[in-house]
Amino acid sequence: MSKKPQKSGSKTGSKASTGKAAPSATKRPPAASGHDREDRIVRALEAIAAGLAAGTTKASGADVLASADAFIWHPNGRLAPVPRVNRVELGLLKGIDRLRDILIENTERFANGFPANNALLWGARGMGKSSLVKAAHAAINVNRGPDDRLKLIEIHREDIETLPALMTLLRSSPFHFIVFCDDLSFDGNDASYKSLKAVLEGGIEGRPDNVILYATSNRRHLLPRDMMENERSTAINPGEAVEEKVSLSDRFGLWLGFHRCSQDEYLAMVKGYCGHFGIRLGEAELEREALEWSTTRGSRSGRVAWQFTQEIAGRLGVKIKT
């Protein structure tokens, strides 16, 4: 009689323990397979990449635009700050006084929020076209606070097709921008000029109110003369053959023509540079060497004057800081 209760008790305990074990077994999650673990890792990496991309976009926007006064635009959508712009002071640009005053007035109106024109600076090589743009930008910012400073963004000729993307980035910014393209020209069947035309005028969105475009070129119509004449000669209607391409330069409201300088203007440039950088040489000797230098180069221009200044400074052991 005593064994039966023990036997039945053991059976009862066995059943109870079996009953408790079953529910716990059903609640335990199944072991993750190797494929599931790979999926979770992929999703985690995608989330990290998305976060990094969002941070990069933010950094390339308002934060970066406030960090400097000048930038270089890269076709991947990045603005690279330029801490120190390579430029010449406005007062050292000789022989272009009228052009200087026109561009300064146009730039100042724009920086103050008033209507202004896109500008095309065209003409002789080395006469200070790009130097004037950079010097004008610096002159306008002299007495402006951090929130009111004019920004200069350089876009390379080969990246013109990405100009609409740059306009989209700048449109919502509180700053005003000069978008600058140096040595702009188009050859052959290059169709990238259409992106520039749409931005200048004619596009649905148009040019943002806080953006102005300045370009320099050795060509007044941004096209080589032989290309224009060839298209006229082979077209049914010569007048319409180059109208689309020539109309690009017409969309710059301000044309500033730079012409070769005289001998007196060239010597004034040399003397201005030498006086500014403390290069001491007798006037007669300076003029003689400067003229000889220009003769060997076959031209007189601001660039030639600057190159001579570097030569004479190096010979005399004078350091030049721009």
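This is a predicted model: local features need pLDDT of at least 70, side-chain atom pairs count only at pLDDT 80 or more; totals for chains, interfaces and linings use all residues.
User: Why is the pair of phenylalanine 277 and tryptophan 306 called tilted?

Analyst: Rings of Phe, Tyr and Trp (its six-membered ring) pair if their centres lie within 6.5 Å; planes under 30 degrees apart count as stacked, over 60 as edge-to-face and the rest as tilted. The centres of phenylalanine 277 and tryptophan 306 are 5.8 Å apart and their planes stand at 55°, so the pair is tilted. Phenylalanine 277 lies in the loop between H10 and helix H11 (283–297) and tryptophan 306 in helix H12, 29 residues apart, so that the pair links distant parts of the chain. Helices here are DSSP runs of H or I with at least four residues, and strands are runs of E with at least two, numbered from the N terminus. Ring pairs also link Tyr273, Phe277 and Trp306 into a cluster, and the structure holds 3 aromatic pairs.

User: What makes tryptophan 293 and phenylalanine 308 an aromatic pair?

Analyst: Their rings are 6.1 Å apart, centre to centre, with 55° between the planes, and the pair is tilted. Tryptophan 293 belongs to helix H11 and phenylalanine 308 to helix H12, 15 residues apart.

User: How do you know whether tryptophan 293 is buried, partly exposed or exposed?

Analyst: Buried means under 20% relative accessible area, exposed over 50%, and partly exposed in between (1.4 Å probe, protein chains only). Tryptophan 293 has a relative accessible area of 24% and is therefore partly exposed. Phenylalanine 308, at 1%, counts as buried.

User: Which class of burial applies to glutamate 289, and why?

Analyst: Glutamate 289 has a relative accessible area of 12% and is therefore buried. This residue is placed in helix H11. Glutamate 289 and phenylalanine 308 are 19 residues apart in sequence and 8.7 Å apart in space, C-alpha to C-alpha.

User: Why is strand E4 described as largely enclosed?

Analyst: Of the 5 residues of strand E4 (residues 150–154), 4 are buried, so the strand is largely enclosed by the rest of the structure.

User: What makes E4 a paired strand?

Analyst: Two strands pair if DSSP finds at least two bridges between them. Strand E1 (residues 70–74) and E4 pair in the parallel sense over 3 bridges, with alanine 70 opposite leucine 152 in E4. E4 and strand E5 (residues 176–181) pair in the parallel sense over 5 bridges, and the bridge partner of lysine 151 in E5 is phenylalanine 177.

User: How do you know where the charged end of lysine 151 sits?

Analyst: A charge sits over a ring if NZ of Lys or CZ of Arg is within 6 Å of the ring centre and within 35 degrees of the ring normal. The charged end of lysine 151 sits over the ring of phenylalanine 175, 4.5 Å from its centre.

User: What makes the arrangement of E1 and E2 a hairpin?

Analyst: E1 and strand E2 (residues 78–81) pair in the antiparallel sense over 4 bridges. They form a hairpin with 3 residues between them, and glycine 77 in the turn has a positive phi of about 95°. In E2, the bridge partner of histidine 74 is arginine 78.

Note on methods:
Residues are numbered from 1 along each chain as its sequence is written. Side-chain values use heavy atoms; hydrogens and water are left out.
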